Amino acid sequence: MEIVDSSDLPSHRLRQIEQVLDPEPVFPGTLSDWLSRVAHYYHHPIGEVFSAALPIALRRGHPLSPGQPKVYRLTEEGKTARPNLASAPLQQRIWRSLNTENWLSPERLSRLGHSWKRAVNVLVEKGWVEIKVQPTAGIEFSGYSIDLSPEQTRAADAILDALGSYRSFVLFGITGSGKTEVYFRVIREVIERGQQILFLVPEIALTPQLVKRFEDHVGRSLSVIHSELPAGERHRNWAAAREGRAAIVLGTRSAVFTPLLKPGLIIIDEEHDLSFKQQDGLRYHARDIAVFRAKLEDVPVVLGSATPSFESMSNVQKERYDILRLNSRALGARLPDIEFIDMRRVPVHHGLSRPLVKAIEYRLEAREQSLVFMNRRGYAPVLYCAACGWQAQCLHCDTRMVFHKRENSLRCHHCGYIQIASMSCPACAGTEMLPLGEGTQRLETHLRELFPDARIVRIDRDSTRRKGELAHKLTQGATGAADILIGTQLLSKGHHFPKVTLVGIIDADQGLYSVDFRATEYLFQQIIQVAGRAGRADSPGQVLIQTVHPEHPHFELLREHDYEGFTALAMNERSLAQAPPFSHFILIRAEATKPGMGLCFLGQARNIAAAVENELRTGIEIMEPVPSPMEKRAGRYRAQLLLSGRNRTAVHRFLDSLVAQLDAHRLARNVRWSIDVDPMEMY
Ligand code: ADP
Ligand code: ZN
Ligand code: ZN
C-alpha cells in the first residue's frame with residue numbers, strides 16, 4: 001500500500017518480496033484511500049478488504065491487464081462472398097451477425113449457439129472470418145430516443161446540473177414510472193463528456209431485460225461485472241473499466257469496487273434491495289460504500305427505488321440527500337387497485353381463496369396474465385405424522401425440513417441438507433405422513449388441478465437451477481407465453497411483464513409480527529414491488545392480497561400506494577424504539593461446534609465492552625449476549641451480542657478499542673466470531 005524506508009515490525013515478521021506483479025498500483029490513490037476507510041468503517045482487516053475488492057484473477061497473481069481481448073470479424077472475402085450456408089444454420093447465424101455488427105466478442109458469439117467455437121473456426125478456415133484484437137470502442141449510441149415526461153425531464157435535469165461534483169439523490173419513482181429512462185438520459189450526457197458510469201443492480205441474473213436495454217442504448221461500451229461471470233471475462237471487463245475503455249460498468253454488489261479511470265456518476269438501482277449487503281466476510285453494504293466513494297471521487301450518486309430504504313429516506317429528511325419524485329406511470333398507465341381478501345370470511349381451498357381463484361379464471365378468459373406470489377419454495381414447509389405428530393427436523397439446524405414432493409425429498413433451506421422423505425414415521429412407524437402448509441410447488445399443483453389448460457410457469461430457486469432457465473422463464477413472462485406465473489421474490493424485482501393484469505399475494509401476514517425490527521419495512525417494499533408488476537402497459541391492473549389482518553393500519557396505506565405515509569408511520573415507531581436509522585447497530589456474532597462456547601465468548605466480550613465504555617464514555621448501549629434466533633445452524637451453535645450507539649464517530653472510537661482487545665482474547669481462537677456494522681439481518 002505504500003513504500004517506506006523502515007518498519008516498526010520486528011525483522012523476523014517481515015517477508016522478502018518475491019516478485020513485483022504490477023508496475024503501478026492496482027487501485028489509484030483515491031480508491032486506495034477509500035478502501036482503507038471501508039476497512040476502518042467495518043472494522044475488518046485491510047488485507048482482506050483489498051482482497052475482496054480485487055477480481056479473482058488478480059487475487060491469484062495474474063497481471064493487471066489481461067491483454068487485449070480477441071474479436072471476430074468478416075474478411076473482405078467473407079463480406080463479398082455471400083456464402084451459401086443453408087446447410088449450416090449456426091455458421092449462417094454467425095455470418096449474419098458479423099455482417100450486421102461489424103465485429104463480435106467471443107461472449108457475444110457464445111450466445112448464438114453452444115458449438116459456436118467449432119462453427120466459427122470453420123468460417124476462419126474458409127477465409128471468411130478473421131480474428132483481431134478488439135479495437136478500443138468508441139461510443140456508438142443507437143438511434144434510440146424517447147421523449148421524457150416533464151417529471152422525468154425535471155429529475156434528469158437535476159442530476160445533470162449536479163455533474164462534476166459530489167451530490168446524493170434519491171430517485172423515488174413509483175413502479176413503472178420510467179426511472180430507467182431517466183438514467184439513460186443522464187448516462188448519455190456523462191458518456192458524451194468522456195466520463196464513466198458505475199451502475200449497480202441487485203442481481204444480474206434477474207435483469208436480462210435491463211442488459212438488453214443497455215445494449216440497445218449504448219451498444220458495446222458496456223462492461224458487465226458480477227459474481228457468476230467466468231473469472232477471465234470478469235478480469236477483462238474490470239481492466240477495461242480501469243483503463244477507461246468501458247463507458248459503463250453494470251454490475252452487482254461487488255462491482256462497487258471496480259476502478260474507473262474517469263468516474264462521472266454512480267447509480268444504484270433498487271437501492272432498498274437486501275442483496276446489496278454482503279452477509280459474510282467483509283460485511284459491506286454496496287450502497288453505503290458507493291455513496292462514500294462518490295464523495296471521495298467527487299461525483300454525484302443516484303439511489304433509485306419505488307420503495308426507498310428508511311436509511312435513505314432519513315438522509316433526505318436530514319437534507320443530506322435530495323429527493324426527486326416520479327409520481328405517475330409512463331404512458332399514462334395507472335397503478336393497480338389493491339384489495340384485501342379477509343381469509344377469515346371467504347371459502348379457502350388449499351391456501352387459495354375463492355375470490356382469488358375467480359379473479360384468475362376471469363384473466364384466463366380475457367387472455368391476460370396472472371402472477372401469484374408466495375415467498376416460500378418447496379411443496380410444504382412441514383411433513384408430519386398424523387398418528388403421533390412427529391415432524392421432520394434438520395439434523396444440523398434448529399429448523400424444520402421443507403418437503404419437496406417432486407423429488408420426494410426433505411431439504412433444509414438453511415444448510416442445504418437433503419434427505420429422502422420416508423413413507424413411514426421414524427418415531428411411531430405410522431404410515432400416514434402429511435404435508436402441512438403451502439409452498440410454491442404445492443401451489444403449482446393446485447393451480448394445475450384448477451386450471452388444467454392454462455400455461456403455468458413457476459419461477460423460484462428450485463425451478464431455475466439450470467443455466468439460462470431463469471432468463472427463459474422470465475422471457476415467457478414478458479412475452480405473454482405463460483398464463484399464470486407463480487413465484488417467490490425472484491419475480492418481484494424490477495421486471496416488466498406488460499401482459500400481467502392480476503397479482504395475487506398468498507401470504508402477506510408473514511412479517512407483520514416478526515422479531516426483526518425491519519420486517520414491516522421489507523414486507524411493505526416487497527408487496528409494493530410485486531404489486532408493481534401489474535398493469536404496467538395499457539390494461540389496468542388488480543392486486544389481491546390474502547390476509548387475516550385486513551384492518552392493519554399499514555395495509556390501509558398500502559391500499560392507497562402511500563409509501564411515504566407508511567414510511568412516516570413506521571419511522572416514527574423506529575424512532576420511539578431508538579432503532580436504525582435513529583441509532584447505529586453493531587452485531588457481534590460468535591459460533592462454535594460446541595454448545596455454549598459462542599455465548600461464553602460473547603459474555604466475555606460484553607464485559608470487555610463495558611470496561612471500554614466505562615473508560616471512553618462514548619454512550620454505547622450494550623445488550624446482553626443471547627443465543628441466535630436459530631441457535632443451531634449447519635451444525636454450529638450461534639450467539640449474538642447487540643451494541644447500539646447514537647453517534648457514528650463515537651461508535652467507531654469504541655469499536656477500535658473493543659475489536660483490538662477481542663482479537664487478542666484467548667477464547668477468540670476457539671470460536672468463529674465476526675462483527676457486523678449496520679447489520680441488515682438480526683440473526
Ligand atoms: P421503472 O424503472 O421506473 O419501473 P421503466 O423505466 O422500466 O420504469 O419504464 C416502464 C416502461 O415505460 C418501459 O417500457 C419504458 O420504456 C416506458 N417508458 C418510460 N418512460 C417513457 C416515456 N417518457 N415515454 C414512453 N415510454 C416510456
Ligand atoms: Zn408418528
Ligand atoms: Zn439445516
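Visitor: What covers the buried residues of α13?
Guide: This is a predicted model, to be clear. In it, the cover over the buried residues of α13 includes β4, α12 and β9, along with β10 (322-326), α17 (519-531) and α19 (563-576).

Visitor: And which residues of α13 are buried?
Guide: F310, E311, S312, M313, S314, N315 and V316. That makes seven of the eight residues of α13, so the helix is largely enclosed by the rest of the structure.

Visitor: What does the backbone do just after α13?
Guide: E319 takes a positive phi there, about 60°.

Visitor: You mentioned α12. What do its buried residues pack against?
Guide: They pack against α13 (310-317), as well as α1 (29-42). The strands β4 (167-173), β5 (196-200), β8 (263-269) and β9 (300-305) are partners too.

Visitor: Which residues of α12 are those?
Guide: The buried ones are A286, R287, I289, A290, V291, R293, A294 and E297.

Visitor: Switching to the ligand. How many residues surround ligand 1?
Guide: 17 of them, and the closest are D147, Q152, G176, K179 and T180. By class, that shell has five nonpolar, seven polar and five charged residues.

Visitor: Which helix gives the most to the shell?
Guide: Helix α9 (residues 179-192), with three residues.

Visitor: What about polar contacts, say for T180?
Guide: A polar side-chain atom of T180 sits 2.8 Å from an oxygen atom of ligand 1. For E181, an N or O atom in the side chain is 3.3 Å from a ligand 1 oxygen. S177 uses its backbone instead: a backbone N or O atom lies 3.3 Å from an oxygen atom of the ligand.

Visitor: And how much of ligand 1's accessible area does the protein cover?
Guide: 82% of the 560 Å² that ligand 1 has on its own.

Visitor: What is F184 in contact with?
Guide: Leaving aside neighbours within four places in sequence, F184 touches R213, F214 and H217. S97 is another matter: 87 residues away along the chain, its C-alpha atom is 26 Å from that of F184.

Visitor: What about H561, what is its phi?
Guide: Positive, about 55°, although H561 is not a glycine. H561 is in the loop between α18 (553-559) and α19, and at 27% relative accessibility it counts as partly exposed.

Visitor: And D678, buried or exposed?
Guide: D678 is buried, with a relative accessible area of 14%. It belongs to the segment after β28 (672-677), and its phi is near 55°, a positive value in a residue other than glycine.

Key
Residues are numbered from 1 along each chain as its sequence is written. Chains are lettered from A and ligands numbered from 1 in the order in which they are written. This is a predicted model: local features need pLDDT of at least 70, side-chain atom pairs count only at pLDDT 80 or more; totals for chains, interfaces and linings use all residues. Side-chain values use heavy atoms; hydrogens and water are left out. Buried means under 20% relative accessible area, exposed over 50%, partly exposed in between (1.4 Å probe, protein chains only). Helices (H or I, at least four residues) and strands (E, at least two) are DSSP runs, numbered from the N terminus. Contact means heavy atoms within 4.5 Å. A residue is near a molecule or strand if one of its heavy atoms lies within 4 Å of it. A polar contact is a pair of N or O atoms within 3.5 Å; within protein, one must be able to donate a hydrogen and the other to accept it, and residues adjacent in sequence count only if both atoms are side-chain atoms. Accessible areas come from the Shrake-Rupley method with a 1.4 Å probe; for residues, only the protein chains shown count as cover. Ala, Val, Leu, Ile, Met, Phe, Trp, Tyr, Cys and Pro count as nonpolar, Asp, Glu, Lys and Arg as charged, and the others, Gly among them, as polar.
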